[in-house]
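Visitor: I would like to go through this structure step by step. Could you show it to me, please?

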Amino acid sequence: MNSKITCRNLSVAFSGENSRTRSVLDNINVTFPAGKMNIITGPIGAGKSTLLHTMAGLTRPTSGEVVVNDQAVSRWSGAHRDQWRRQAGIIFQHCHLLHELTVLENIMLPLIPLGHTVSHCRSQSIAALKQVALFHHAGRLANSLSGGERQKTAIARALVTQPHFIFADEPTAHMDAENSRQMMELLYHCTGRNAVVIVATHESILNRLPGPALCYRLENGALNHLTD
Amino acid sequence: MFNTLQIWAFRDILRRPFESLLLAVTLTFAIATVGTLLLFPRAVYDTLTVVLKATPSIILRQVDPTGWRPLPIRESVQAATSVIGVVSVRPRIWGMVNGPDGPLTVMGVQQEGLPEILADPLTRLPAKGQAIVGWGIASHDPAGTLPLEGAIRQTYQVIHRLPEQTSMFTHDLVLLNPLDAQQLIGLPQGYASDLAIDVFHEDEQDAILSDLTAAFPWPVRCVTRRQSAGIYAGGFNRGRALGAITMIPAVLAMCLLVAVNTRKSMGRQSDLGIMKAMGWTTGDIIRLHLYRDLFVCLPSVALGSCLCFFLVYGPGADGLAGFFLGWDTLPPRLYLETKGAVTVLLEVAGVMVAPVMASALLPALKAATADVHELIEGAGRR
């Protein structure tokens, strides 16, 4: 299936101090196609994370809509949005691992409610761990990992269900150049199975991308297409 | 046998073993304590109801300024049967005597007019020099004799022991031949201790009293079955007061437990947000919490209920009766009225478990309506 995700007149505003609203995203219209790497750059605080979270169904837009395969998922009720999130793999900027769980259990987390057997969940998670070269840390608690290892764990957790939509927020921020390249290659690999991959990152990474990408810049609430 | 979510819930419990164990132990003892305090009066009430149903409608005694005195059997029966509404009159020979371990109740029995409670357990009646004893009376003599001291001192051969479940009131009872009983108690020939009178209808008990009193040429005192129930009920006030005092720490412990559980669960809202971001639905999260709490609560309810049952109906009843009712010599045997006991246990389990379950489910339900982004924001930088 050729999936795509579209933002139509998407705006997000947060209420700030003194009841003033601060506009973060302003009337964004864009379509992210499947099978290609989509890179969103922009200065700190531009709203990259907000855009990813809105598309992933973690928050609702103030106006406009997120359309996935002709379905306005941002308008769906809570229960249906829960189902939409099952199709998405999310990598958070701050990883958001569950500290009481081991690395392996963190990666198993998205598989548990899907109704697979424990052994299936385990073997899938181990395969994902091997992809990010963290198999030797499987039994360690998440809070004992370094920053880069946490990010690798978060990437493995997002990819373990082989989702059609991947939203990665600064996925390589705490990694060295070599690990960063490997993880970006892994995300590129997902475009090979026709997934929609959207990565929010700094501009510095653009010249180190291992393959072609659709690049956008988010600034002052507006998203501009940079180059292919 | 178990699905993946249930296994995950069990694994979740093992991640915090001491916390889960503490919850289970507290819940078990809270259920056992509150259950016992509610079940014990219920069991005593059920026992009394059963026992009183088997007792005569009215017990009539002759009194004088010094207290009660024996009744002449022939004249008394004649006077009582002359009252309209009286169905049967049974003269009883009984009294208190000293046994090897303390005071015992002695009763003279014969085939005619045998009390209903004793009709089934008695396979034969005591002949002269023989005794049938209640479950609570210990025989220290290997030869099976029982020395008793009343108006005379006499040793009797124990020929039978009443089964434990006969009645709460037969534990300290010694059944003798009527002639032996009369001699031991010191009753003159042709006299009885009191009259057991049955009336045609339960409601006539109180109405018939004035006619009954007037039918006797000497002063008499009558006690109806209802009055007896009231007298015994009064004896349980001490138990109720002690029960209320004992229940306070159990209820306080429960409140603390629920407060801690709620606080703990609310503190993990960010984890719920992450789980939802990972594709867990609200239903999945509620099921996980439900399984996790049931894995702790169900064994606690089972264990607490067993403990409570053991204390009320099992060997623990001796201690309880001594503590609540001051029965420090002979252990009672309480009747188990299954429906009533199960109702009490279900009530206790519901009252104790429901708040714990609610305290765990509340955050999950709250998370159902909250924005996932807002829930995760609470996690801060991880």
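Guide: Let us begin with two helices of chain B. Helix α2 (residues 17-53) of chain B packs against helix α11 (residues 282-313) of chain B at an angle of about 35°, with their axes 7 Å apart. Helices here are DSSP runs (H or I, at least four residues), numbered from the N terminus. Axes are lines fitted to C-alpha atoms over the stretch in contact, and angles run from 0 to 180 degrees between N-to-C directions. This is a predicted model, in which local features need pLDDT of at least 70 and side-chain atom pairs count only at pLDDT 80 or more, while totals for chains, interfaces and linings use all residues. Residues are numbered from 1 along each chain as its sequence is written, and chains are lettered from A in the order in which they are written.

Visitor: New topic: how many residues of chain A are in contact with chain B?

Guide: 29 residues of chain A are in contact with 27 residues of chain B.

Visitor: How many salt bridges lie across that interface?

Guide: There are 5 salt bridges between chain A and chain B, each being a side-chain nitrogen of Lys or Arg within 4 Å of a carboxyl oxygen of Asp or Glu. One pairs B:Arg16 with A:Glu100, whose closest N and O atoms are 2.3 Å apart.

Visitor: Which element of chain A gives the largest share of that side?

Guide: α2(A) does, with 4 residues. The residues on the side of chain A that touches chain B divide into 13 nonpolar, 8 polar and 8 charged.

Conventions: Side-chain values use heavy atoms; hydrogens and water are left out. Contact means heavy atoms within 4.5 Å. Ala, Val, Leu, Ile, Met, Phe, Trp, Tyr, Cys and Pro count as nonpolar, Asp, Glu, Lys and Arg as charged, and the others, Gly among them, as polar.
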